[in-house]
Amino acid sequence: MTWDWFDTALMAFIGLNFLAAMSGALFKPDAWYRALVKPWFQPPDWLFAPAWMVLYGLNAVAAWWVWEAGSGTALTIAMVVYGAQLMLNAGWSALFFGLKRMDLAMLEVVFLWLSVAATILVFAPIVPAAGWILVPYLAWVTFAAYLNWTIWRLNPSAATARAVAQPGE
């Protein structure tokens with residue numbers, strides 16, 4: 001396996017991660033979110049974009065390594081699990097910020113966590129380093145799940161709010 005920035009498969013995995021990340025660009029924090037009570041451990045807003053950029057980059061590289069090294073049924077399973085993980089990743093922002101459903105976002109982030117853990121488990125036998133570089137992603141999703149749960153508990157009246165267009169949004 002050689003490192004080539006212009007590798008078609010690598011560019012495809014970067015593109016897939018970019019598409020998943022677009023959910024966060026489409027469904028952003030708004031006045032509803034800013035009005036919610038947040039826990040003391042809430043990171044500053046500016047931290048989320050660079051953190052996710054690093055995690056998406058690691059995610060793309062891990063998938064590329066597995067794509068290059070894998071074959072047969074193991075590769076097929078790894079790519080299906082990976083694709084499910086990306087779709088779940090993209091769905092969280094739509095549920096939390098788009099639909100303003102902290103409850104559904106909490107359920108979804110549990111499935112996201114399971115899918116990231118499954119991705120690690122199916123990548124590691126093919127390329128051990130591909131599993132290891134996803135551990136920070138799993139840690140971040142663990143933290144994000146706890147943050148989602150805490151915000152949900154701190155804001156019971158907003159927990160199942162339906163998206164309503166706000167003037168100026």
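Guide: Helices (H or I, at least four residues) and strands (E, at least two) are DSSP runs, numbered from the N terminus. This is a predicted model, where local features need pLDDT of at least 70, side-chain atom pairs count only at pLDDT 80 or more, and totals for chains, interfaces and linings use all residues. Residues are numbered from 1 along each chain as its sequence is written, and side-chain values use heavy atoms, with hydrogens and water left out.

Visitor: How many helices and strands are there in the protein?

Guide: The protein has seven helices and zero strands. Along the sequence the pattern reads α-α-α-α-α-α-α.

Visitor: What share of the residues count as buried?

Guide: 44% of the 169 residues. Buried means under 20% relative accessible area, exposed over 50%, and partly exposed in between (1.4 Å probe, protein chains only).

Visitor: And what percentage of the contacts join residues 24 or more positions apart?

Guide: Among contacts with a separation of 6 or more, 81% are between residues 24 or more positions apart. Contact means heavy atoms within 4.5 Å.

Visitor: On to packing. How do helix 4 and helix 5 cross?

Guide: Two packed helices are described by the angle between their axes and the distance between the axes. For helix 4 (residues 72-98) and helix 5 (residues 102-123), the axes come within 8 Å and cross at roughly 160 degrees. Axes are lines fitted to C-alpha atoms, for helices over the stretch in contact, and angles run from 0 to 180 degrees between N-to-C directions. Helix 4 and helix 5 are therefore roughly antiparallel to each other. Angles under 35 degrees count as roughly parallel, over 145 as roughly antiparallel, 65 to 115 as roughly perpendicular and the rest as oblique.

Visitor: Is that crossing left-handed or right-handed?

Guide: The crossing of helix 4 and helix 5 is left-handed, a term used if the near helix is turned anticlockwise from the far one by less than a right angle (right-handed if clockwise). The contact of helix 4 with helix 5 has 19 nonpolar, five polar and one charged residues. Ala, Val, Leu, Ile, Met, Phe, Trp, Tyr, Cys and Pro count as nonpolar, Asp, Glu, Lys and Arg as charged, and the others, Gly among them, as polar.

Visitor: What about helix 1 and helix 4, at what angle do they pack?

Guide: Helix 1 (residues 8-26) packs with helix 4 at an angle of about 25 degrees, and their axes are 6 Å apart. That makes helix 1 roughly parallel to helix 4. Helix 1 contributes F13, L16, N17, A20, S23 and G24 to the contact, and helix 4 contributes M79, Y82, L86, A90, S93 and A94. By class, this contact of helix 1 with helix 4 has eight nonpolar, four polar and no charged residues.

Visitor: Which residues of helix 1 are buried?

Guide: A9, L10, F13, N17, A20 and S23. Their cover includes helix 3 (45-69) and helix 4.

Visitor: Where is K100 found?

Guide: K100 is in the loop between helix 4 and helix 5. Phi of K100 is near 60 degrees, a positive value in a residue other than glycine. At 6% relative accessibility, K100 counts as buried.

Visitor: And F123, what is it in contact with?

Guide: Leaving aside neighbours within four places in sequence, F123 contacts A62, A63, V66, A78, M79, Y82, A130, G131 and L134. F123 lies in helix 5 and counts as buried, at 0% relative accessibility.

Visitor: Last one. What covers the buried residues of helix 7?

Guide: The cover includes helix 2 (31-35), helix 3, helix 4 and helix 5. The buried residues of helix 7 include Y137, W140, N148 and T150.
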